[in-house]
Amino acid sequence: MRLPDPSAADPALFDPLGPEFTRNPYPAYARLRALNTPYYFAPFDIWLFARFADVQAAALNPLSLRSLDDRLTPEEIEADRRAQNWHDMPYHARFVQFSLLNSDGAMHQRLRRLVFGEFTPPQVERLKSGVEAYVSDLFDAVGSEFDFINDLAVHVPGRVIGRFLGVPDADCAQLRIWSEDIVQYFDIDRTDARKALAERTTRTFYDYLIDLSNERRKRPQDDLISRLLRRWDAGELSEDEYISTCMLILMAGHGSTIDAMGNGLTALLNHPEQLQRLRADPGLMPTAIQEMFRYDAPLPFFHRLASEDMDVNGWEIPKGTKIGLLYASANRDPEAFDNADRFEIGRTPNRHLAFAAGPHFCLGNHLSRMNMEATFMTLLSRFQSIALTAEPQFKPSLSLRGPKALPLRVN
Ligand code: HEM
């Protein structure tokens with residue numbers, strides 16, 4: 001099947017920065033799925049795939065890549081960066097625009113293999129008791145009224161990833177702020193002020209990592225930074241690859257985990273019968289956490305580029321086409337999930353796409369689920385009653401989804 005005429009796409013159908021979408025994006029995703037064709041979204045010059053089968057096929061297709069840079073001339077790369085307002089950002093270009101997430105093929109496999117073993121369930125399990133103790137301390141410090149996002153969730157992933165990499169505890173809060181300032185530039189809102197902030201912060205982050213690496217070189221520890229440094233010194237990865245891998249790991253799991261916690265708690269509080277069920281049977285926690293990811297994915301959208309003319313679930317996609325994978329929409333597709341709009345904490349199987357599929361499948365999925373389990377187990381065991389004191393407001397974004405705050409009253 002050929003893609004429809006892009007000029008026929010109704011711009012009113014999809015407004016990802018509008019207030020309705022920000023409050024609840026799922027009716028808009030349902031409209032896109034109902035088209036039965038991919039939808040051309042002009043502001044990004046991208047074809048959005050909203051149905052599960054299309055999104056999964058595009059993510060698994062070996063011809064759909066994260067970047068076509070190695071097939072372009074330097075002039076074409078420059079023109080592409082200018083079109084996206086991603087030019088004149090030397091640090092951002094070296095360490096953020098380039099990373100294992102944004103590479104493909106043999107280079108991607110090599111970079112992924114360097115860190116893959118760090119993220120396996122046994123490695124993650126080693127961190128578990130430390131995370132549980134840390135989360136417990138955080139709950140000790142809150143009163144009967146607190147903001148679940150800003151008083152609690154924001155402190156969890158940074159500290160855990162910091163320990164995982166080997167960043168001193170005292171620096172973790174700062175890294176979260178840097179991460180946010182850099183990551184926000186991946187979204188639709190690309191003003192020059194945001195651009196300057198992203199570039200300046202990437203440079204600061206780079207300087208910080210170089211200082212920390214020099215320190216670790218003198219006194220190696222049992223952490224990922226020390227192990228990656230040895231591989232850099234052995235010539236297995238370059239300085240740029242070393243820095244971009246550290247930055248990616250520090251940034252990828254920060255906001256996404258905070259948002260996953262916020263979305264998960266919102267879903268539980270909006271479904272009191274499911275909350276009761278989880279309290280009655282905490283053994284359901286692993287499937288409940290997976291359902292939180294399916295029901296309201298914190299990273300709803302990623303892109304791919306067609307490296308050749310290709311077939312995606314029957315769609316003829318011409319070489320060079322930009323494709324948007326709407327993971328959050330795929331997760332609510334009734335053709336893939338029974339009662340797809342129902343939040344069902346015992347759901348099995350639950351083959352959602354919140355962590356993607358294919359070669360870029362999220363490395364941090366065990367780690368983030370462990371953080372979530374520790375946080376929700378403690379929350380439910382500490383408080384018999386949990387109530388929101390104000391309606392949650394969500395951040396306006398296509399790439400991220402999460403509440404700005406979740407003010408709670410507990411006892
Ligand atoms: C909490 C929620 C998280 C969600 C929803 C999430 C989701 C994702 C998704 C959808 C991708 C694939 C992007 C694509 O399709 O191109 C991805 C990749 C990745 N994630 Fe996560 N992630 C989470 C947490 C984490 C954590 C905690 C870490 C590490 C500490 C992490 C590290 C990575 C890395 C390194 C990649 C790149 C993998 C590759 O390109 O081969 N993520 N994540």
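Student: What makes Cys362 (SG) a donor to the iron atom of the ligand?

Tutor: Donors are N, O and S atoms within 2.8 Å of the metal (3.2 Å for Na, K and Ca), and water is not among the atoms, so sites may look incomplete. The SG atom of Cys362 is 2.3 Å from the iron, so it counts, and it is the single donor from the protein. Keep in mind that this is a predicted model: local features need pLDDT of at least 70, side-chain atom pairs count only at pLDDT 80 or more, and totals for chains, interfaces and linings use all residues. Residues are numbered from 1 along each chain as its sequence is written, and side-chain values use heavy atoms, with hydrogens and water left out.

Student: Where is the place of cysteine 362?

Tutor: Cysteine 362 is in the loop between helix H17 (327–330) and helix H18 (365–382). Helices (H or I, at least four residues) and strands (E, at least two) are DSSP runs, numbered from the N terminus.

Student: Which residues around the ligand come nearest?

Tutor: A residue is near a molecule or strand if one of its heavy atoms lies within 4 Å of it. There are 28 residues around the ligand, and His108, Arg112, Tyr327, His360 and Cys362 come nearest.

Student: Which helix gives the largest share of the shell around the ligand?

Tutor: That is H13, with 3 residues.

Student: Why are E1 and E3 said to stand at the edges?

Tutor: Two strands pair if DSSP finds at least two bridges between them. The 5 strands form an open sheet in the order E1-E2-E8-E5-E3, with mixed pairing. Strand E1 (39–41) and strand E3 (64–65) each have a single partner strand, so one side of each is left without a neighbour in the sheet.

Student: How do you know that E3 and E5 pair?

Tutor: 2 bridges join E3 to E5, so they meet the requirement of at least two. These strands run antiparallel, and serine 64 stands opposite alanine 306 in E5.
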